[in-house]
Amino acid sequence: MSTTPANQKTPQDDLPPSVSENIDTITAFYQRHEEHMSVPQTIIEKMSVILGSPGYVAASVIFMIGWIVANLVALELGYEEVDEPPFFWLQGIIAVNAFIISTTVLIRQNRMQKLAQHHARLDLQVNLLTEEKTSKIIAMLDALRRDMPGMPSATDQEASDMAQPTDAQAVLAVIENEAEAPEKD
C-alpha cells in the first residue's frame, strides 16, 4: 500500500515479509475504521484536533484578554462598552466554548475507547494463540528430547507442566472470582 514510485526504496522494503504483512494488516484495519466513520463523527474528529491544539488555547487566551481590554478601554476612549465588568457575555462565550470542547473530547474518547476494545480483543486472541503454540513447541521439544538416545530420560516436570495448554476458561473464572471477592484489610 505504498505510494512511492516503483524504483524508490522504502523503509518497509528492509523488513521481513511477515512484518510487512503485519504492518499492511494494521494499516488496513485503521483505514477500514476511518472509512466507517459517519460524516458528523468526521467533523467532530476534525474539530477536536483543532480544539485540542496549543494554537487554539493561545487564540482563546488572546481573545479573552482582548475582550477584557477592549471593554475596559472603550469607556476611556469615549466608546460604548459591549460587555461591562464582570463581563457577562464573555462568561457566556467561555461557557459555550467549554461545552463544545468537552463534548467533542467525550465523543472522540468514546470512539477511541471502541478502537482500544478492538485492540484488547485482538491482543487477547493473539496471546491465547501464542500460548497454545508455545505449549505445543514445548511438548514437541520434550518428545524430541525423550526420543534422542544420548539424552537422559528423566522427566522434566517443569517442561511437562508448561507443555499443557492453559485453560483460558479456568483462568478467566479465577480472575472474575478475585475481582468479585471483597477486599481484605
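This note goes through the helices of a predicted model, their packing, and a few residues picked out along the chain.

1. Basis. The model is predicted, so local features need pLDDT of at least 70 and side-chain atom pairs count only at pLDDT 80 or more, while totals for chains, interfaces and linings use all residues. Residues are numbered from 1 along each chain as its sequence is written, and side-chain values use heavy atoms, with hydrogens and water left out.

2. Helix α1. Helices here are DSSP runs (H or I, at least four residues; strands are E, at least two), numbered from the N terminus. Helix α1 covers residues 17–35. Its 19 residues should span 27 Å at 1.5 Å a residue, and the end C-alpha atoms are 26 Å apart, which agrees. The expected span is 1.5 Å times one less than the number of residues. The buried residues of α1 are S20, A28 and H33; buried means under 20% relative accessible area, exposed over 50%, and partly exposed in between, with a 1.4 Å probe and protein chains only. These buried residues pack against α4 (88–147).

3. α1 against α4. The axes of α1 and α4 come within 13 Å and cross at roughly 145 degrees. Axes are lines fitted to C-alpha atoms, for helices over the stretch in contact, and angles run from 0 to 180 degrees between N-to-C directions. The crossing is right-handed; by the convention used, a crossing is left-handed if the near helix is turned anticlockwise from the far one by less than a right angle, and right-handed if clockwise. On the α1 side, F29, Y30, H33 and E34 meet R111, L115, H118 and H119 of α4, where contact means heavy atoms within 4.5 Å. The residues of this contact divide into three nonpolar, three polar and two charged. Ala, Val, Leu, Ile, Met, Phe, Trp, Tyr, Cys and Pro count as nonpolar, Asp, Glu, Lys and Arg as charged, and the others, Gly among them, as polar.

4. α2 against α4. Helix α2 (residues 39–51) packs on α4 at an angle of about 120 degrees, the axes being 9 Å apart. This crossing is left-handed. From α2, the residues Q41, I44, E45, M47, S48, V49 and L51 meet I100, I101, T104, I107, R108, R111 and M112 in α4. By class, the contact has eight nonpolar, three polar and three charged residues. An α-helix has 3.6 residues a turn, so residues three or four places apart point the same way.

5. S48 lies in α2 and counts as buried because its relative accessibility is 10%. The side chain of S48 reaches the backbone oxygen of E45 at 2.8 Å. A polar contact is a pair of N or O atoms within 3.5 Å; within protein, one must be able to donate a hydrogen and the other to accept it, and residues adjacent in sequence count only if both atoms are side-chain atoms. Leaving aside neighbours within four places in sequence, S48 is in contact with T104 and R108. Q41, also found in α2, is buried with a relative accessible area of 15%.

6. Helix α3. This helix runs over residues 54–76. At 1.5 Å a residue its 23 residues should span 33 Å, and the end C-alpha atoms are 33 Å apart, which agrees. In α3, S60, W67, N71 and A74 are buried, and the buried residues pack against α4.

7. Between α3 and α4. After α3 comes G78, with a positive phi near 90 degrees. P85 and P86 are joined by a cis peptide bond with omega about 10 degrees, and P86 lies in the loop between α3 and α4. F87 lies in that loop too, and its phi is near 60 degrees, a positive value in a residue other than glycine. F87 is buried, with a relative accessible area of 12%.

8. A120 is found in α4 and is partly exposed at a relative accessible area of 44%. The C-alpha atoms of A120 and I43, 77 residues apart along the chain, are separated by 27 Å. M162 belongs to helix α5 (residues 157–163) and counts as partly exposed at 45% relative accessibility. Leaving aside neighbours within four places in sequence, M162 is in contact with S135 and I138. M162 and T27 are 135 residues apart in sequence and 35 Å apart in space, C-alpha to C-alpha.
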